[in-house]
Amino acid sequence: MCNKIDVIDIIQQFSTLYPNYHPADIAETADAWLAIVEHVPGDMLKAAALQCSAEPGRAFAPSVGEIMGAVAQLQAKAASLPDAITAWAQINERPSWRAFRCPVAIDLMERYIHPGANVRAILADYGDHLRGCTACHEGTVLPNVHPFVERVARSFGWPERFPGDNPEADRAHFVRVYEQSVKSALAEAAQIPAVTQYIERISAGSAIKSLAEGMKK
Ligand SMILES: [Zn+2]
């Protein structure tokens, strides 16, 4: 976690970078910052401060809020959260089927590879069969998706019922919800410990707690 020296380093750097930035009392300013940033590792805080300073056209020193925004983005990168487009691609990767335990599926496959087979009809039968067969269903090997993507996708009914018959609409809906989920996850990660403790204190044993828990689901 960062300490007062880290924060003073950043403030001094800002005074050098921004001629209009002159905190009257650096130590006092650093204390005020610390109340907000003390849970952030020092090197991450410095990286986030630099990142904000590097924004093109920036004329004023970044606020603590802006730096915390950059911290949240760094944390997302560290957790390697995929962007919405990548997430959509991940859940659309074909699952592989391990249907070998199921005699019906084996029979369908044998018919499929038979020369002159009516491939379309067999694929349709196979699709119908997969929807109803628990043996095949249990053998489904899901594509490799990020756990965060999986959580969002499952809320849509993936992999059984999502994506559905209207991929364009499903994609738009998924992208919107996924981006919102990333935003909330980042906001949660950026929540400072004092606020978390406050929420825990006021909600302990109260109806608010069960409400908050209900909202988490
Ligand atoms: Zn089967």
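Visitor: With which handedness does H3 pass H4?
Guide: In this model, which is predicted, helix H3 covers residues 42–53 and helix H4 covers residues 64–78. Where the two pass each other, the crossing is right-handed.

Visitor: Which residues of H4 make the contact with H3?
Guide: From H3, the contact draws on Met 44, Leu 45, Ala 47, Ala 48, Ala 49, Gln 51 and Cys 52. The residues of the contact divide into 10 nonpolar, 1 polar and 1 charged. On the side of H4, the contact is made by Glu 66, Ile 67, Ala 70, Val 71 and Leu 74.

Visitor: How are H3 and H4 oriented to each other?
Guide: Two packed helices are described by the angle between their axes and the distance between the axes. For H3 and H4, the axes come within 8 Å and cross at roughly 115 degrees. Angles of 65 to 115 degrees count as roughly perpendicular, and the two helices are therefore described as roughly perpendicular.

Visitor: How are H6 and H7 oriented to each other?
Guide: The axes of helix H6, residues 103–113, and helix H7, residues 119–132, come within 10 Å and cross at roughly 165 degrees. Since an angle over 145 degrees falls in that class, H6 is, relative to H7, roughly antiparallel.

Visitor: How many charged residues are there in the contact of H6 with H7?
Guide: The crossing of H6 and H7 is left-handed, and in their contact Val 104, Ala 105, Leu 108, Arg 111 and Tyr 112 of H6 meet Val 119, Ile 122, Asp 125, Tyr 126 and His 129 of H7. These residues divide into 7 nonpolar and 1 polar, with the charged ones numbering 2.

Visitor: Why do the buried residues of H5 lie on the same side of the helix?
Guide: In helix H5, which spans residues 84–92, the buried residues are Ala 84, Ala 87, Trp 88 and Ile 91. They are placed on the same side of H5 because, around the axis, they cover an arc of only 100 degrees.

Visitor: What pattern does the protein follow along the sequence?
Guide: The protein has 12 helices and 2 strands, and of its 217 residues 17% count as buried. Among contacts between residues at least 6 apart in sequence, 67% join residues at least 24 apart. Read along the sequence, the pattern is α-α-α-α-α-β-α-α-α-β-α-α-α-α.

Key:
Residues are numbered from 1 along each chain as its sequence is written. This is a predicted model: local features need pLDDT of at least 70, side-chain atom pairs count only at pLDDT 80 or more; totals for chains, interfaces and linings use all residues. Helices (H or I, at least four residues) and strands (E, at least two) are DSSP runs, numbered from the N terminus. A residue is buried if 20 or more other C-beta atoms lie within 10 Å of its own, exposed if 12 or fewer, and partly exposed in between; C-beta atoms are placed from the backbone. Two residues are in contact if their C-beta atoms, placed from the backbone, lie within 7 Å. The arc is that of the directions from the helix axis to the C-beta atoms. Axes are lines fitted to C-alpha atoms, for helices over the stretch in contact, and angles run from 0 to 180 degrees between N-to-C directions. Angles under 35 degrees count as roughly parallel, over 145 as roughly antiparallel, 65 to 115 as roughly perpendicular and the rest as oblique. A crossing is left-handed if the near helix is turned anticlockwise from the far one by less than a right angle, and right-handed if clockwise. Ala, Val, Leu, Ile, Met, Phe, Trp, Tyr, Cys and Pro count as nonpolar, Asp, Glu, Lys and Arg as charged, and the others, Gly among them, as polar.
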